[in-house]
Amino acid sequence: MPAHILQEISGSYSATTTITAPPSGGQQNGGEKFEKNPHHWGADVRPEIKDDLYDPTYQDEEGPPPKLEYVWRNIILMALLHVGALYGITLVPSCKVYTCLFAYLYYVISALGITAGAHRLWSHRTYKARLPLRLFLIIANTMAFQNDVYEWARDHRAHHKFSETHADPHNSRRGFFFSHVGWLLVRKHPAVKEKGGKLDMSDLKAEKLVMSRGVYYKPGLLLMCFILPTLVPWYCWGETFVNSLCVSTFLRYAVVLNATWLVNSAAHLYGYRPYDKNISSRENILVSMGAVGEGFHNYHHAFPYDYSASEYRWHINFTTFFITAWLPWAWLTIGRECPRPLS
Ligand SMILES: [Zn+2]
Ligand SMILES: [Zn+2]
């Protein structure tokens, strides 16, 4: 790790636990130890939020493993979606080039609605965006259909604060399948409801665009996640309806879902932990490639207030590139407040 970044990191942490820096350029465990000190710029950058910082004092109560209550509607819908997506894979060779390009573009924009929007902007407040960018991101978020921004951010803050306990909605100690998709197929553990309900969400409650979710979210996701991506290839360049539906809609949606879920499953189970060995999240390059930059997950859990969610900025991190690309219009659209100067 470059020395100047090490200094910035050591100067930017408010907790008192010890974290371990990797050897220079390394993605390996081990290396020099340094203390987090109280000079924490995060207090200035995002005064409205602290409930995404890990709370090591919270532990599960002793008792039997949680009982699973299946949500059959979700199980059936997820199964149908994935059958449609698998059939879509077989149809890709018969698709027009425009359909493939459109589906790929739609995947990238949907993913940004999660990574740049629900995650880095609304869950962690790592940068500040003015209305045009927030509008774009909230529309992109409906394209990805992973619950509305408020619910996504509440679950995600609980995931950071209560990592690997029953209050973590996708607790990876319950296995790969549970943390990947299983958590969406069963009722939430009572601890998720209890602890999630007590999180400070006042910053989001004060944001009208987010809290109007009851008005726009359901029609928005129907239109943006299902209807539009099916109709555009069919109407605009004469793609077959089945190809449009199974490739542009089902396959694209399933890929975005699984790429996001891999951050919760694979990036909590496979990879190195160079920044903090006391947490389970890991650095996983493959996840970063699929989830447009969200696989540097040990770094991200150690420093959730960094807009780049990675030490390496643009490296395999299209989301950081996207956020940075708004800078030429900074005074018009985005009031950037990053943890360190951009290169
Ligand atoms: Zn995580
Ligand atoms: Zn996060």
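Of the 343 residues in the protein, 44% are buried, a residue counting as buried if 20 or more other C-beta atoms, placed from the backbone, lie within 10 Å of its own. This is a predicted model, in which local features need pLDDT of at least 70 and side-chain atom pairs count only at pLDDT 80 or more, while totals for chains, interfaces and linings use all residues. Residues are numbered from 1 along each chain as its sequence is written, and chains are lettered from A and ligands numbered from 1 in the order in which they are written.

The secondary structure comes to 17 helices and four strands, taken as DSSP runs (helices H or I, at least four residues; strands E, at least two) and numbered from the N terminus. An unreviewed UniProt entry lists "transmembrane region" for residues 75-92, 104-122, 215-235, 241-263 and 314-334, although such annotations may be inferred rather than shown by experiment. In the model, residues 241-263 are 100% helix, with end C-alpha atoms 32 Å apart, and residues 75-92 are 94% helix, with end C-alpha atoms 26 Å apart.

Leaving aside residues up to four places away in sequence, Ala111 touches Ala144, Val256, Ala259, Ala291 and Val292, contact meaning C-beta atoms, placed from the backbone, within 7 Å.

Technical notes. Contact = placed C-beta atoms within 7 Å. Buried ≥ 20, exposed ≤ 12 C-beta atoms within 10 Å, placed from the backbone.
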